[in-house]
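Reader: I have a model open and would like to go through it piece by piece. Can we start with the surface and work inward?

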Amino acid sequence: MQPTFTLSQRDDGVAVITMDIAGESMNVLKAEFADEINAVLEQVRSNKSIKGVVIISGKPDSFIAGADISMLDKCKTAAEATAIASMGQQMFNELEKLHIPLIAAIHGPCLGGGLELAMACHGRVATDDAKTVLGLPEVQLGLLPGSGGTQRLPKLVGLQKALDMMLTGKQLRAVQAKKAGLVDVVVPRSILLEAAVKMALAGKPDRSKPVKLPLVGQLLEFTSIGRGILFSQAQKQTLAKTQGHYPAPLKIIDAIKTGVFGGMQKGLEVEAKHFGELCMTPVSANLRNLFFATTQMKKESGAGDAKPRKVKKAAVLGGGLMGGGIANVTAGKAGVPVRIKDINQTGIGNALKYSFSLLNKKYKKRFISKTELQKQMSLLTGTTDYSGFHDVDLVVEAVFEDLALKQQMVADIEQHCSEHTVFASNTSSLPIGQIAAKAARPENVIGLHYFSPVDKMPLVEVIAHEKTSAETIATTVAFARKQGKTPIVVKDGAGFYVNRILALYMNEAANLLLEGESVEKLDKALTRFGFPVGPITLLDEVGIDVGAKISPILQKELGERFQAPAAFDKLIADGRKGKKVEKGFYLYGKNAKKGRKEVDSSVYSLLGVQPNGRLSSEQISKRCMVQMLNEAVRCLEEGIIASARDGDIGAIFGIGFPPFLGGPFRYIDSLGAGNLVADLRRFEAQFGARFAPAQLLLSMAEQDKSFY
């Protein structure tokens, strides 16, 4: 069997350890590597002619992407997981104790266990390549860095930066990492090895000087009282953000704190113990399942064995906020030239300005260089006619939700583009089959539903109608992935999947409001449950008018349970469209107090409501949630989504369903189908047919079945 770690000695006395897992695209750390690493280190120790060591990856585009997560699933007890962490700590302690300089030469992702290994080295050289990122993202799996990361990172970058990185899973580019003190030297990729060798020959870097900080930072980091304040604030902010749903951030704070006040050995012991405990939590199990599901999904074309066509040039119809966002991720993430068409120059100007403002923010934060900014902007061009469309491979339509207009766009594209050009509609509610109804080439027409804001929201729904070809599906899925998106393929139908489950959830929140629950209480109940924002805030953000347009479409196609409360017509009549016009449920602009979110109390009199607040937070969240869960099951039953896995990913990445619950289907499994049916039956008796349980849910409850 081919070894993962190989040692070769150069003429200048520097030994190079190359890590390369045979048959894998990326390097990941596995427990079984411990013996191999120890054997290589023994070779180094026994060879007196070696003056220094460089550890480098044999992969073209990755250093070490982290530890192999699947080994944690084999652990049956916390003690077994703690043993894995302790072994990693011991392995990296051996690296750190090496008597000669050990330098990590980093190109590509250096994450999790990969960064812990690099931090155990005496110095770090990284490439200035965009692929090179450094971070400890374990918190996103409900874990903490378990191989010394909680102890070594604060020593290199300071307490505040280390807390921020570990509590958010934030990744740094090489230049940012150098500024923070995590990396010593940043070089072009072509001279990475030579720069690392030079550093190894120069001797171990001096780490005696503390991290450079302003005066306030020094008082916080280098005094006992200051550190106490830092940890106290971190804990308070973490609880406010997580609502206590995620145990990992508090364990991270505790492990760092133990090391700071009790020394590294105690810190490592607590780190390993916490790692083992976290590994056994349902939260970590759900987050790891989500990681495996998205990883698996990346290997799928969305259309069986169909091969995607290459998209060398794309176009966007409509220069509004959605069109501008789609153009931005196409040029920026996918690196594909984009032609933006709008009916006037103002629309094109707005789309270009929007892209520039997003890129400029990245440039100011030193996330991209000036050259990268200019390169991405050069990929965007605009037109008011169809010039430059003859060689476009894929067109994304982002115009108004008007069926006749969208059908006209299909006809225009069929006239001005090639016979292979894919027409992807960014409709949020209109069935794709209707948009393709008059198409000469319906096999090229597909739905590609983005969520706002496009640059931040990770999900897209790829919607195939009956005549969409497998090649069109595969091409669209591959294109969305290049844009940095997580695509789920859904069947055609009003509202598709995400908006359909969201609509009933929002409608129920509206019903609760009309029954006398206050706006603040509704929002607080659902954020406490685990959503990033409450339903009323979301309605203001998305646009009350958008909700009003979608509801009749869903009601017409799917039935009376989608009927929106009639009182909402009063909001539209009063010009309340939400945040975009600074008039909705909350106060905006001049009327809002700075730094405070306040309800516009006049909304209550407009709706004829007197807030009475009879229900508890749990009762409020349950009524909204059972609607969403029930509709998700209906979507699976009708084949709108292909699997429970797709439904979970869609809800988490599309509407911020609490990731710690694993998605609607994993959550139903944890509740038990029978318990959910009982809740629905109770509400049905009280409020009517909109709570009638889905047939699939009833049969699952009868047979005591689960989705996973």
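Author: Accessible areas here come from the Shrake-Rupley method with a 1.4 Å probe. On that basis the protein exposes about 30,800 Å², and carbon and sulfur atoms supply 54% of it. Keep in mind that this is a predicted model.

Reader: Fine. What does the C-alpha trace span along its principal axes?

Author: About 80 × 60 × 55 Å. The radius of gyration is 27 Å, which agrees with the value near 27 Å for a compact globule of 708 residues.

Reader: How many helices and strands are there?

Author: The protein has 30 helices and 17 strands.

Reader: And what share of the residues counts as buried?

Author: 54% of the 708 residues. As for contacts with a separation of 6 or more, 74% of them are between residues 24 or more positions apart.

Reader: Sheets next. What is the strand order in the sheet of 8 strands?

Author: The order is E12-E11-E10-E13-E14-E15-E16-E17, in an open sheet with mixed pairing. Strand E12 (380-383) and strand E17 (486-491) each have a single partner strand, so one side of each has no neighbour in the sheet. From one strand to the next the twist averages 25°.

Reader: Which helix packs on that sheet?

Author: Helix H19, residues 470-482. H19 touches E10, E13, E14, E15, E16 and E17, and its direction makes about 25° with that of E15.

Reader: How do E10 and E13 run relative to each other, parallel or antiparallel?

Author: Parallel, with 4 bridges joining residues 314-317 of E10 to residues 394-397 of E13. One of the pairs is Ala 314 with Leu 394. E10 also pairs with E11 in the parallel sense, again over 4 bridges, and there Val 316 stands opposite Ile 340.

Reader: Is E11 covered on one face or both?

Author: Both. In a regular strand the side chains alternate between the two faces of the sheet. In E11 (residues 338-341), Val 338 and Ile 340 lie on one side, Arg 339 and Lys 341 lie on the other, and all of these are buried.

Reader: Charged residues under cover, then. What about Glu 508, buried or exposed?

Author: Buried, with a relative accessible area of 1%, where the cut-off for buried is under 20%. Glu 508 is found in helix H20, residues 498-514.

Reader: What does Glu 508 touch?

Author: Not counting residues up to four places away in sequence, Glu 508 touches Arg 623, Cys 624, Gln 627, Arg 690 and Phe 691.

Reader: Now the nonpolar part. Which residues touch the most other members of the largest core?

Author: Tyr 497, Tyr 505, Phe 585, Phe 657, Phe 665 and Leu 697, out of 93 residues in that core. Helix H26 (residues 617-637) gives the largest share, 10 residues. In soluble globular proteins, nonpolar side chains tend to be buried together.

Reader: What is Leu 697 in contact with?

Author: Leaving aside neighbours within four places in sequence, the contacts of Leu 697 are Asn 630, Val 633, Ile 668, Ala 673, Leu 676, Val 677 and Leu 680. There is also a second, separate core of 73 residues, including Val 53, Leu 144, Ala 248 and Phe 275.

Reader: How many bridges pair E1 with E2?

Author: 5, in the antiparallel sense, between residues 5-9 and residues 14-19. Phe 5 has Met 19 as its bridge partner. The hairpin has 4 residues between the strands, and Gly 13 takes a positive phi near 95°.

Reader: Last one: how many residues of H4 are buried?

Author: 8 of its 8 residues, 113-120. Among them are Gly 113, Gly 114 and Glu 116.

Key:
Residues are numbered from 1 along each chain as its sequence is written. This is a predicted model: local features need pLDDT of at least 70, side-chain atom pairs count only at pLDDT 80 or more; totals for chains, interfaces and linings use all residues. Side-chain values use heavy atoms; hydrogens and water are left out. Two strands pair if DSSP finds at least two bridges between them. Helices (H or I, at least four residues) and strands (E, at least two) are DSSP runs, numbered from the N terminus. Axes are lines fitted to C-alpha atoms, for helices over the stretch in contact, and angles run from 0 to 180 degrees between N-to-C directions. Contact means heavy atoms within 4.5 Å. The radius of gyration is taken over C-alpha atoms; the globule rule is 2.2 Å times the number of residues to the power 0.38. Buried means under 20% relative accessible area, exposed over 50%, partly exposed in between (1.4 Å probe, protein chains only). A nonpolar core is a set of buried Ala, Val, Leu, Ile, Met, Phe, Trp, Tyr and Cys residues joined through side-chain atoms within 4.5 Å.
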